[in-house]
Amino acid sequence: AAGQRASSSHTGALLAAKDATVDALFEQSGVVRCEFLGEMFDVASVLANQPVPKGDRVGIITNAGGFGILCADACAATGLRVPELSERLRAKLGSFLPAEAGVGNPVDMVASAPGDAYERAIDLVAASGEVDSVIAIFVPPLVTQPQDAAAAIRRAADRIAGKIPIVSVFTQDAAPPSVLGVGVHRVPVYGFPEEAARALSGARRWARWRQDATDPVIEPWGPHTDEAHALMAESFSSLGGGWLDPIETARLLACYAIPQARWLVAPSPVAAGAAAAELGGSVALKAYGPQVIHKTELGAVKLNLRGASEVRKAAEEMRDRLRAAGNTPAGFLIQAMVPEGVEMIVGMAQDPLFGPVVACGAGGTAVELLKDVQVRLSPLSEADAHAMIRQLTTFPLLDGYRGRPKANVSALKQLLMRVSTMVEEQPMIAELDLNPVIVTADGALVADARVRIESNLPKPPLGSRPRG
């Protein structure tokens, strides 16, 4: 993996050191990946005995505040939400719970809560429409017997009648009360809050896949397949494989209507200055060549340059510095500066078992440091592209974080779909890096792109991909 990271694109480095492709295959195929054998049985217990959650909101009802907090943390860590309950629902809970109880969610009924308090609390929370599942936690106090709490939970579960899932946690050495294991909808019992949270999270992931599984793969409008095939054949005949030059890369992206910043190519510093004058305004200067892969690390990028003389001088300095380091550039790319926006990466790498793997994540120079990336196997459906973007930790940056203007997420999604179409139709593409992709309120624009081609890439075995 270390050698691959040293020689590949950002996308290749992100995918080299982990089994992201297996995660992607499972995500798209409805397989719930469990980290432990016990977790597999925990998830199966929910799926076998309870309805699947229709959403990610969890209501926690407990007689021990600390356990409620542990459960809430575990829910958040596994992709579930513990929303604060409405004032109306809190008032209803407060009408029968003691004054010292907490009714926000988790609902902490305190240690003195009798068994029937569980029944009333579950009835109210489950019927409120404010949660999609319920976790009931019982820690043995001195006053309430486990059998009483279990019987109350059982009665509440019977009234819910499979509308939303309910699971329980009994933290005791003795076997869990048998009453929870009877009836049409048996209530799974776990020994710790974390087990219950992971089990519900697994059931939720499966339910979400069921909702998206019928979403078809949609071919975005605009590809010029024949022109792209001709370009790839011409490039391979001259290169014999390897990285495409900027002109070939730009032509390939244009065949699939992937938007790019305005650019010109120059073979020398003097030509670079002339190109900058032709573009006008502020420009970015980038060196390119077979050895120039990670431009920033090599000092092969200069931003916000103006005028022919400034660009020519910067190109001369860049050429001399790269030559001294043994990385002689083949030429220069002069590009109009793109507007400020959220920097993303969209990429693809070939996996020998699964074929094209598409990645989307936080981009820019810190992409490998952040490692905030979502991966799916191509071809993508619209639901795949939608989920990839919204499951990123940094998605709030696209969604107007702290007053920033909202970015055009739809344009980014379309770009992902077009990349998926391109790598499906052009099997010689071994690696693709669009980094950064600048996403603004007006759209998504590729500011830098690299494509590597190979011939006779291994064909993935039949059945190794979720669609196609």
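Visitor: Two strands count as paired if DSSP finds at least two bridges between them. On that basis, over how many bridges do β1 and β3 pair?
Guide: In this predicted model, strand β1 (residues 58–62) and strand β3 (residues 133–138) pair over five bridges, in the parallel sense. Within that pairing, T62 has I137 of β3 as its bridge partner.

Visitor: What is the strand order in the open sheet of five strands?
Guide: The order is β2-β1-β3-β4-β5, and the pairing is parallel.

Visitor: Which strands stand at the edges there?
Guide: They are β2 (107–108) and β5 (189–190). Each has a single partner strand, so one side of each is left without a neighbour in the sheet.

Visitor: Which strands does α5 lie across?
Guide: Helix α5 (residues 65–77) lies across β1, β2 and β3, and it runs at about 160° to β1. Helix α7 (residues 115–127) also packs on this sheet, where it touches β1, β3 and β4 (166–170). The direction of α7 makes about 160° with that of β3.

Visitor: At what angle do α5 and α9 pack?
Guide: The angle between α5 and helix α9 (residues 193–212) is about 30°, and their axes are 8 Å apart. Angles under 35 degrees count as roughly parallel, and α5 and α9 are therefore roughly parallel to each other.

Visitor: Is that crossing left-handed or right-handed, and which residues make the contact?
Guide: The crossing of α5 and α9 is right-handed. On the α5 side the contact is made by F67, L70, C71, A74 and C75, and on the α9 side by P193, E194 and A197.

Visitor: Changing topic, what is the order in the open sheet of four strands?
Guide: That sheet has the order β7-β10-β8-β9, with antiparallel pairing. At its edges stand β7 (263–266) and β9 (301–305); each has a single partner strand, so one side of each lacks a neighbour in the sheet. From one strand to the next, the twist averages 20°.

Visitor: How many bridges join β8 to β10?
Guide: Six bridges join strand β8 (residues 283–288) to strand β10 (residues 331–336), and the two run antiparallel. The bridge partner of A284 in β10 is Q335.

Visitor: Which strands do α11 and α14 touch?
Guide: Helix α11 (residues 246–255) touches β7, β8 and β10, with its direction at about 155° to that of β7. Helix α14 (residues 308–324) touches β8, β9 and β10, and its direction makes about 25° with that of β8.

Visitor: How many residues of β11 are buried?
Guide: Eight of the 10 residues of strand β11 (residues 342–351) are buried, so β11 is largely enclosed by the rest of the structure.

Visitor: How many bridges join β11 to β14, and over how many does it pair with β12?
Guide: Seven bridges join β11 to strand β14 (residues 429–439), running antiparallel, and A349 stands opposite E431 in β14. With strand β12 (residues 355–362), β11 pairs in the antiparallel sense over eight bridges. There G347 stands opposite A359, and β11 and β12 form a hairpin with three residues between them.

Visitor: Finally, how many residues has the largest nonpolar core?
Guide: It has 41 residues, and L252, L398, L434 and V437 have the most contacts inside it. Helix α18 (residues 409–425) supplies the largest share of this core, nine residues. Another core lies apart from it and has 33 residues, among them A101, V125, F138 and L180.

Technical notes:
Residues numbered from 1 in each chain as written. Predicted model: local features only at pLDDT ≥ 70, side-chain atom pairs only at ≥ 80, totals over all residues. Heavy atoms only, no water. Contact = heavy atoms within 4.5 Å. Axes fitted to C-alpha atoms, helices over the stretch in contact; angles between N-to-C directions. Core = buried A, V, L, I, M, F, W, Y, C linked by side-chain atoms within 4.5 Å. Buried < 20%, exposed > 50% of the residue type's maximum accessible area, 1.4 Å probe, protein only. Parallel < 35°, antiparallel > 145°, perpendicular 65-115°, else oblique. Left-handed = near helix turned anticlockwise from the far one by under 90°.
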